[in-house]
Amino acid sequence: MPKPNDNPRAKTVLITGASSGIGLALYKQYVSLGYQVITCGRDKEKLAQQTPLATKWLVFDVNDIDAVAKAAEQIIHIDILILNAGTCLYIDNAKQFDGHCFREVIKTNLLSMGALLENLLPKVSSGGQLAMVSSSATIFPFSRAQAYGASKAGVDYLANSLRIDLANDHIDVCLIHPGFIKTPLTDKNNFSMPFLLTAEEAAKRIYQGIKHKKHYLQFPKRLTLLLKLLSYLPQSFANSLLSKD
Ligand SMILES: NC(=O)c1ccc[n+]([C@@H]2O[C@H](COP(=O)([O-])OP(=O)(O)OC[C@H]3O[C@@H](n4cnc5c(N)ncnc54)[C@H](OP(=O)(O)O)[C@@H]3O)[C@@H](O)[C@H]2O)c1
């Protein structure tokens, strides 16, 4: 006899950053399969318009600790918690290092995880899952990505360390490294983005990975492999190869 949680209709998924890009595509993917989806974003109107079939809309800025706590009070239980909200800003001049930009990115992508985990993790049921969206930028250092890469490297450590301790609570942790995905976040980029995927393609891969309780998701494989190969080369040589593009 199937356990209640084997029925997707009984499962509740909470997605941060669900108003746009990868989070929005994940919302569509899970809703289409009959899951109960709680969507989160900063703008209630945008969230309601983009995710009309959500079970609940939670409106908060991930950097507002009190708002995160208040939103979490509305939640009884979560089967799959997807921490996806994030931002990307580049440091244009390393010598004139923009400390404000650095702090903003680290705050939104990494420090915010403290309040999100503190308030939402207790709602994740035993047998549930936590998925954290990092980036393939952590495989190989990119120019101008000091803030973004450092924030996501922090997410990597956090997820890998949480996986050890949450095993005691029967909660699986999935660390996600997307490559370049076409979203409003990357629409701002003025450089070439090899092997660009759509947000829908990314969402399908994430859905499948979470379903199969994968600990790591890296896609597309051809980009991950290329970055891993580059990371084995001396950095100056790898950078000289990249600068020839
Ligand atoms: N696109 C890529 O190529 C790529 C690659 C690797 C990793 N990622 C990661 O994937 C995640 C989603 O990115 P995306 O490409 O889908 O970007 P996106 O289209 O810009 O969506 C970002 C989402 O995060 C939310 N968000 C941003 N700052 C927030 C804040 N302070 N408080 C609450 N919500 C906030 C946004 O909500 P609002 O509507 O309120 O702005 C939006 O829903 C990010 O963590 C990003 O780093 C993306």
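Residues 24 or more positions apart make up 65% of the contacts in the protein that have a separation of 6 or more, a contact being heavy atoms within 4.5 Å. The model is predicted: local features need pLDDT of at least 70, side-chain atom pairs count only at pLDDT 80 or more, and totals for chains, interfaces and linings use all residues. Residues are numbered from 1 along each chain as its sequence is written, and side-chain values use heavy atoms, with hydrogens and water left out.

**Overall fold**

The protein has nine helices and nine strands; these are DSSP runs numbered from the N terminus, with helices being H or I of at least four residues and strands E of at least two. Its C-alpha trace spans about 55 × 40 × 35 Å along the principal axes. The radius of gyration is 18 Å, which agrees with the value near 18 Å for a compact globule of 245 residues; the radius is taken over C-alpha atoms, and the globule rule is 2.2 Å times the number of residues to the power 0.38.

Of the 245 residues, 47% count as buried, meaning under 20% relative accessible area with a 1.4 Å probe and protein chains only. The accessible surface comes to about 12800 Å², and carbon and sulfur atoms hold 55% of that; areas come from the Shrake-Rupley method with a 1.4 Å probe, and for residues only the protein chains shown count as cover.

**Ligand site**

The ligand is surrounded by 29 residues, the closest being Ser19, Ser20, Arg42, Tyr148 and Thr183; a residue belongs here if one of its heavy atoms lies within 4 Å of the ligand. By class, this shell has 12 nonpolar, 13 polar and four charged residues. Nonpolar covers Ala, Val, Leu, Ile, Met, Phe, Trp, Tyr, Cys and Pro, charged covers Asp, Glu, Lys and Arg, and the others, Gly among them, are polar.

| Residue | Protein atom | Distance to a ligand oxygen |
|---|---|---|
| Gly17 | backbone N or O | 3.2 Å |
| Ser20 | polar side-chain atom | 2.5 Å |
| Ile22 | polar backbone atom | 2.8 Å |

Taken alone the ligand exposes 890 Å², and the protein buries 92% of that. Helix 1 (21-32), helix 5 (146-166) and helix 6 (184-187) are the elements that give two or more residues to the shell. Helix 6 provides the largest share, three residues.

**Ser112**

Ser112 lies in helix 4, residues 99-120. Its relative accessibility is 4%, so Ser112 counts as buried. Beyond its neighbours within four places in sequence, Ser112 is in contact with Val62, Asn63 and Lys107.

Note on methods. Polar contact = N/O pair within 3.5 Å; in protein donor to acceptor, adjacent residues only side chain to side chain. Buried < 20%, exposed > 50% of the residue type's maximum accessible area, 1.4 Å probe, protein only.
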